[in-house]
Amino acid sequence: MALEHHITAKIETLGCKLNFSETATISALLAKRGIMPAQQGDVPKVCVVNTCSVTELADKKCRQHIRSLIKRYPDALMVVTGCYAQLKSKEIAAIEGVDMVLGSEQKLHIADYVEQWFSHRQKQVEVTPHNEIHTFSPSCERGCRTRYWLKVQDGCDYFCTYCTIPMARGRSRSGTIESLVGQAREVAAQGGKEIVITGVNIGDFGKNTGEQFIDLLRAFDQIEEIERFRISSIEPDLLSDEIIRFCAQSRAFMPHFHIPLQCGSDAVLQLMHRHYDTALFAEKVHKIRALIPDCYIGVDVMVGSRGETPEHFEESLRFIESLDMQHLHVFPYSERPGTMALRIPYIVPEKEKKERVARMMELSERQERRYIERYIGTIRPVLFEQPHGDAPMHGFTDNYIRVNVPPCDALVNCVVNARLLSIGADLSVDAEVIDSVTPQSPTPAR
């Protein structure tokens, strides 16, 4: 059906990089139906909230976003999707003002549902049970950035005791190498310079296609128009030595890994039903450091999980401190209904969780600052993002150090050499551009 003229949509995203990638795809699909992104001052006729449910705090933030948008735009079609919608559709549908709740299987078909709604205007809840989610929905978008996020895999088969992701996104499934290479070539045709490979458990790539993650990496590396690839996050047991060796000699894969650890205590890792121990994790870090000395290593750390005694926490802190890792993404454990972790007896008090988070964050800052200091005075290649007014524009080095330079439109979406000068309080680095820059057209907006 033909929609009325000048329909705009406001889209809010919470959660992981995969959510942001999928939100950008939703926005592009809506635009193809004539529903354009709302600009400042617009009163949108459609609001979409792409939700996260990794913690109870995430659920709370989602509810706040939903209610805030309903209050601000009471006449807009309110659509809620994502992991929270998949897990607690009835709870969301009961919020006054919510018109549509769409689960994980329906997320990337929002444009179809929105178009249909304008003809019947009836409340709708569509959620496929997690054990019946089999479709892989492609997503490759950049949003307002120069870097693209390419979804290569979805779902998870690991069933860690604290996690609801398998129930929120279903079992592991992937696109084919052929289709994903095609999407990457489209990025190149649009002028993109960097692609971040994303998914829920990307090292598990190919379960439904009979292909392997290493073969996908090799295929991507042959797309010469793309100057940079990054692996968003990969489980330590799936980060094979073959993958590390490949990235060490690769043309385009950056010296950058993000590896979920969760805890540096083997006793707690067993309670979590993780698929590795600290010895394997340390082996991977040492292998990376030996083959890729400049590599930036980020790590997920959960503190205060059930069963993590004070002794276990101190053991975890010592283990993390012993390894040359750069950034800790630290978050407190949150009780999730339906998870096996609820059967574990030892519960960490909330006050103690906060203290543990603070100590881990202090460690993270020390380790990251120490890493960045190694590169002050050196020259690194940087891909720059869009400037915002007179504020310094930023970009990332190959080894993922954030740098700031004075705004310059000619730098946008360009990889240029910059000398790193000094570290700021936020751990970003003031830099000076060394290369002469020929003005280029940035990645075209779509």
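Buried means under 20% relative accessible area, exposed means over 50%, and partly exposed is anything in between, using a 1.4 Å probe and protein chains only. Keep that in mind for the whole tour.

What you have open is a predicted model, where local features need pLDDT of at least 70, side-chain atom pairs count only at pLDDT 80 or more, and totals for chains, interfaces and linings use all residues. Residues are numbered from 1 along each chain as its sequence is written, and side-chain values use heavy atoms, with hydrogens and water left out.

**Stop one: the aromatic cluster**

Select Tyr296, Tyr371, Tyr375, Phe396 and Tyr400, which form one aromatic cluster. Rings of Phe, Tyr and Trp (its six-membered ring) pair if their centres lie within 6.5 Å; planes under 30 degrees apart count as stacked, over 60 as edge-to-face and the rest as tilted. The whole structure holds 11 aromatic pairs.

Start with tyrosine 296 and tyrosine 400, an edge-to-face pair with 5.5 Å from centre to centre and 70° between the planes. Tyrosine 296 is in strand 14 (residues 296-303), while tyrosine 400 is in the loop between strand 17 (393-397) and strand 18 (402-405), so this pair ties together parts that are 104 residues apart in sequence. Helices (H or I, at least four residues) and strands (E, at least two) are DSSP runs, numbered from the N terminus.

**Stop two: a charge over a ring**

Pick lysine 151 and phenylalanine 136. The charged end of lysine 151 sits over the ring of phenylalanine 136, 5.3 Å from its centre. To count, NZ of Lys or CZ of Arg has to be within 6 Å of the ring centre and within 35 degrees of the ring normal.

**Stop three: two helices side by side**

Show helix 8 (residues 213-221) and helix 9 (residues 241-249): their axes come within 10 Å and cross at roughly 10°. That makes helix 8 roughly parallel to helix 9. Axes here are lines fitted to C-alpha atoms, for helices over the stretch in contact, and angles run from 0 to 180 degrees between N-to-C directions. Angles under 35 degrees count as roughly parallel, over 145 as roughly antiparallel, 65 to 115 as roughly perpendicular and the rest as oblique.

Which residues meet between helix 8 and helix 9? Phe213, Ile214, Leu217, Arg218 and Asp221 come from helix 8, and they meet Glu242, Ile243 and Phe246 of helix 9. Contact means heavy atoms within 4.5 Å.

**Stop four: two glutamines**

Zoom to glutamine 367, in helix 13 (residues 350-373). With a relative accessible area of 3%, glutamine 367 is buried. Setting aside neighbours within four places in sequence, glutamine 367 is in contact with Ile320, Glu321, Leu323, Met325 and Gln326.

Then jump to glutamine 183, which you'll find in helix 7 (residues 177-189). Glutamine 183 is buried as well, with a relative accessible area of 13%. Leaving out neighbours within four places in sequence, its contacts are Pro138, Ser139, Cys140 and Leu150.

**Stop five: positive phi angles**

Most residues other than glycine have a negative phi. Now select arginine 121, whose phi is near 50°, a positive value in a residue other than glycine. Arginine 121 lies in the loop between helix 5 (110-120) and strand 6 (124-126), and at 49% relative accessibility it counts as partly exposed.

Glutamine 262 is not a glycine either, yet has a positive phi of about 75°. Look for glutamine 262 in strand 13 (residues 256-262), where it counts as buried at 7% relative accessibility.

**Last stop: glycine 15**

Finish at glycine 15, in the loop between strand 1 (7-13) and helix 1 (17-32). Glycine 15 counts as partly exposed at 42% relative accessibility. Not counting residues up to four places away in sequence, glycine 15 touches Phe20 and Cys52. Draw a distance to leucine 180: glycine 15 and leucine 180 are 165 residues apart in sequence and 23 Å apart in space, C-alpha to C-alpha.
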